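I opened my notebook to jot down what I could look up in this one. Here are my entries, in the order I made them.

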Amino acid sequence: MNTSKYKFLFILIPTFFILASCGDDDPVIPVEEEVITTLNYTLTPVSGGDVVVLTFQDLDGDGGNAPTISGGILSTNTIYQGSIELLNESEMPVEDITEEIRTEDLEHQFFFNSTVNGLSVTYSDTDPNGNPVGLTNSITTTDAASGTLTVILRHQPDKSASGVKEGDITNAGGETDIEVQFDINVQ
Amino acid sequence: MYKIKRLLFLIILLPIWGLSQDCAIQLTGLILDKGTNIPLPYSNVYLEEQGLGAVSDSTGFFKFIQLCEGDYHLDISHIGCEPTSHFISISKDTFVQIYLNHHAELLDEVVIHGKSNDNSTQISSTVSRENIEQNSHKNLSDILESIVGVSSLKNGSGISKPVIHGLYGNRVAILNNGIQQSGQQWGNDHAPEIDPFIANHLSVIKGASALAYGSNSLGSVVLVETDKIRQDPHLHGSVNYSFHSNGLGNTLNTQLEKNGRWAAWRVSGTLKVQGDSKSPDYFLTNTGKKEGNIAIQLEKKISDYWHNSLYFSSFNTQIGVLRGSHIGNLTDLSDAIGKEEPFFTESNFSYEINAPRQKVHHHLVKLESKYFFDDHRILKFKYGGQLNNRQEFDIRRGNRSDIPALSLEQYSNFLELAYNQELENGGLVKTGLQFNLVDNTNNPETGILPLIPNYDGRTSSAYFIFQKEMGNLFYELGGRYDFKKWKVATISNSLPRIIERFTHNFHNYSFSTGIKYTFSEGLKTNLNAGYMLRAPEVNELYSSGLHQGVSGIEEGNRTLNSEKSIKVMASADWYFQKKLFIQALVYYQNIQDYIYLQPQNEFRLTIRGAFPVFLYEQTNAQLFGTDILLSYEPKENLKWLFKYSSVNGKDLTNNLALINIPANNLFTSFTWSFKDIQKLTQNSISINAKYVFEQQDILQEQDFLAPPDAYFLLGVTVGTNLQLNHSKIRLSLSIENLLNTTYRDYLNRLRYFADDTGMNVILNLNYSF
């Protein structure tokens, strides 16, 4: 029997696979399109006055350097028009994620939890179904107080669940895309 | 004689006297139980070509007379056993010895392969082919759970991995056809990519040390093994179909084999489709599964001295993960924990698989060649090449749910040269050299920084085992050395992103020794001890990032050393009056520098809120436990089976229980076999019960949710066989979780989110020819 061709196979098959898998190439750094690095929450007093911008910024994403957060000082008994801007500043040019949320507004909703006495947040925008989104909103302050304001963005919440339209997160479900906390001083 | 003679497998052909007479040939035989060697009286023997039946007498003996020279197929069955078929060519009076599987629960590697080949002091247990077929709706790990001491770590009913003596993942080696499975073993939600249908049997070696099997195990090894192809020139095969009600699942497997003129071949193909499972109260939305696998086995004898085999298998699956278990941060997790019904539960059943889901491909090519210099010396060459491709899809913004969030590709190559020699004094030496190369690459398509970096790993190993039998005493000792080199390329998690390269070298060695002593036919004992090192895996060294499943940030630790394990194990097999069998095993394992994820006193702030940080650290740990198996047959047609296993795992440095240690559990079954009803044979009814205790060792601060309560599950199985002329049909109907009990299991990650599956009715149909 001609055994040499079998011997050949034994050398050929392993060699092929070993060669196919060798390599010392650099890993490719992924393009992180989806990351949200920055949240700017701009508060404009309706009847004039100083504009306040609350900012959360974490340029290198999870891990690495810690994020920088700046809260704000609000005036008493004032109505502010709020608008939220989301950016991905880790890529060049900077990507505006706000647009993405607006396009998918049926699947997103912001929630606002405040520990500041007398501070309340209401929605100013709606999705095509008439449910709130929260990219624009309004904040009303009363007496002087301080505390925190937590801004939460949920992906795929159940907007028809009880209380969700009114801004109560309890029954919303979905995944949290953003949860940031700002120190607020009303004076 | 050595392995050449083993080709005849379980049949030993012994000519009684050499005269050949036309049509006056006698075929006699003895039928024995494979597990215990006890003769099996009143077995049915059927000679297909003659349409003749016989029954073995009280000593297991049977006889056919006046046969002509020729080829025959013998079908043998016995109450309560898996029936078998054998092919024999007879030209003179012939005696055959046939082994049936009457005590399937007592099978082990030595019994399966025959003493001369796989004699060992290691303790093993085996699941037979019939058992695999009857449980075809389950995956590999769930089938292995029938072995006492084995549990499954799950992520829902579709994804599970075996836990043996409290260890799993990187610490348990899984060998698919002699090649160590190489994939992403580090993930608790990554199941081994193996179709159990490709196996003729599955074994678990509850070892103290796995010298010949690879460098990744801290003792225990799972073997997925195919038998040699039957020496039968005719085409044989089987079709197995199973339907299960919970999830409306369908599994179809076809297997064909033939000892062809050029080579012997076997082909096995499996298709699986399954929709959403259901807990007693609600559908587990998005828990479907699709799977398609194929395996091809070729065996070619180039000469009597040179045997070759080529094996190829391809495993392809897509698995849905419970929609309600996808969480963004800790708040989401605590919201989900309190829910009566998981978020996103649909009121309708669906076969659809959406994100979160996993898509996995695994391909294996294996080439094996054995050269027999003579009856005492064999040289073996083995090559195994694997490609593992894993993609995991999460719920993502901006239509990115179809872009994988994790995408890994791993090539691995394994080469082994082994040499076995029988010495003149009766000893046996087994030695080998192994080389393993792994290349793991992240696909940048994810748009996410990878959790584990790209790496390449090389391991060179050598082992040596000496075994000897001296009367009632069998002993072995051996050692192994591994040199492992990791070359890692990481991407920094601060800006600008830069690539850094690291190299790690590990020199590891293992020793093992064991004795087996047979006091009498009814009492055998085993004692074994091993010292073993395991090098840290790349995930333990370099993980970096958010692990969605556990809502925590995992950080690797580049300063980790190898784990050092000492394991001691003792076991005893008793049997009394051929009715009562007891197997008991106790073990103790001490692991210095045990690698584990330690929650840090730190929450890391991200845009999704604060996440707890877990760092890979080392501690000293111990594991000990007991496995007990009892089988009692008060009458021939009545069998009671009892299994108990307990494990205790402790972090000695911090004086805390280890997490993910199985709760103690009990299993019992009563099987009643009854008489043939015309052509229906092997009729049986079996009732089984499983009780899993509460895992009480875990403190509240060690987990987001306390371990669930103890639970009790009841099941029933009815089965029968229909023997046709040249074929056989086996039919079984079983019900799992008969009482539709609501429960959660500690080792199932979905316990945070949902109840486990409810009642399941399984219909299994097997046609073989």
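**Entry: R396(B)**

I started with the contacts of R396(B): leaving out residues up to four places away in sequence, R396(B) touches E34(A), S401(B), I403(B) and A405(B). I count two residues as in contact if their C-beta atoms, placed from the backbone, lie within 7 Å. The model is a predicted one, so I kept local features to pLDDT of at least 70 and side-chain atom pairs to pLDDT 80 or more, while totals for chains, interfaces and linings use all residues. My residue numbers run from 1 along each chain as its sequence is written, with chains lettered from A and ligands numbered from 1 in the order in which they are written.

Where does R396(B) sit? I found R396(B) in the loop between β24 (377-393) and β25 (406-422) of chain B. My strands are DSSP runs of E with at least two residues, my helices are runs of H or I with at least four, and both are numbered from the N terminus.

Is R396(B) buried or exposed? R396(B) is buried, because 21 other C-beta atoms lie within 10 Å. The rule I use is 20 or more other C-beta atoms within 10 Å of a residue's own for buried, 12 or fewer for exposed, and partly exposed in between, with C-beta atoms placed from the backbone.

I also checked R396(B) against G183(B): they are 213 residues apart along the chain, and their C-alpha atoms are separated by 25 Å.

**Entry: L451(B)**

Next I looked at L451(B), which lies in the loop between β26 (428-442) and β27 (454-470) of chain B. L451(B) counts as buried because it has 22 other C-beta atoms within 10 Å. Leaving out residues up to four places away in sequence, I list L406(B), S543(B), S544(B), G545(B) and H547(B) as what L451(B) touches.

**Entry: chain B as a whole**

Chain B has six helices and 42 strands, and its C-alpha atoms fill a box of roughly 90 × 60 × 50 Å along the principal axes. For 769 residues, a compact globule would have a radius of gyration near 27 Å, so the 26 Å of chain B agrees. That radius is taken over C-alpha atoms, and the globule rule is 2.2 Å times the number of residues to the power 0.38. Buried residues make up 48% of the chain B residues. Of the chain B contacts between residues at least 6 apart in sequence, 64% join residues at least 24 apart.

**Entry: the two domains of chain B**

The domain assignment gives domain 1 (1-102) and domain 2 (221-768) of chain B; such bounds come from an automatic or database domain assignment. How far apart are their C-alpha centres? I read 37 Å between the C-alpha centres of domain 1 and domain 2 of chain B. In chain B, 17 residues of domain 1 are in contact with 23 residues of domain 2. On the domain 1 side of that contact, β3 (44-47) and β6 (70-77) of chain B each supply at least two residues.

**Entry: β12 of chain B**

I turned to strand β12 (residues 173-176) of chain B. A173(B) and L175(B) point one way from β12(B), I174(B) and N176(B) point the other way, and all are buried. β12(B) runs parallel to strand β15 (residues 221-225) of chain B, joined by four bridges; two strands pair if DSSP finds at least two bridges between them. N176(B) stands opposite V224(B) in β15(B). With strand β13 (residues 179-180) of chain B, β12(B) pairs in the antiparallel sense over two bridges, and L175(B) stands opposite Q180(B). The hairpin of β12(B) and β13(B) has two residues between the strands, and N177(B) takes a positive phi near 55° there.

**Entry: chain A**

Last, I looked at chain A, which comes to two helices and 11 strands. Of its 187 residues, 35% count as buried. Four chain A strands form an open sheet with mixed pairing, in the order β4-β11-β10-β7. β4 (72-74) and β7 (108-114) of chain A stand at the edges, each with a single partner strand, so one side of each is left without a neighbour in the sheet. β7(A) pairs with strand β10 (residues 145-155) of chain A in the antiparallel sense over seven bridges, and there F111(A) stands opposite I152(A).
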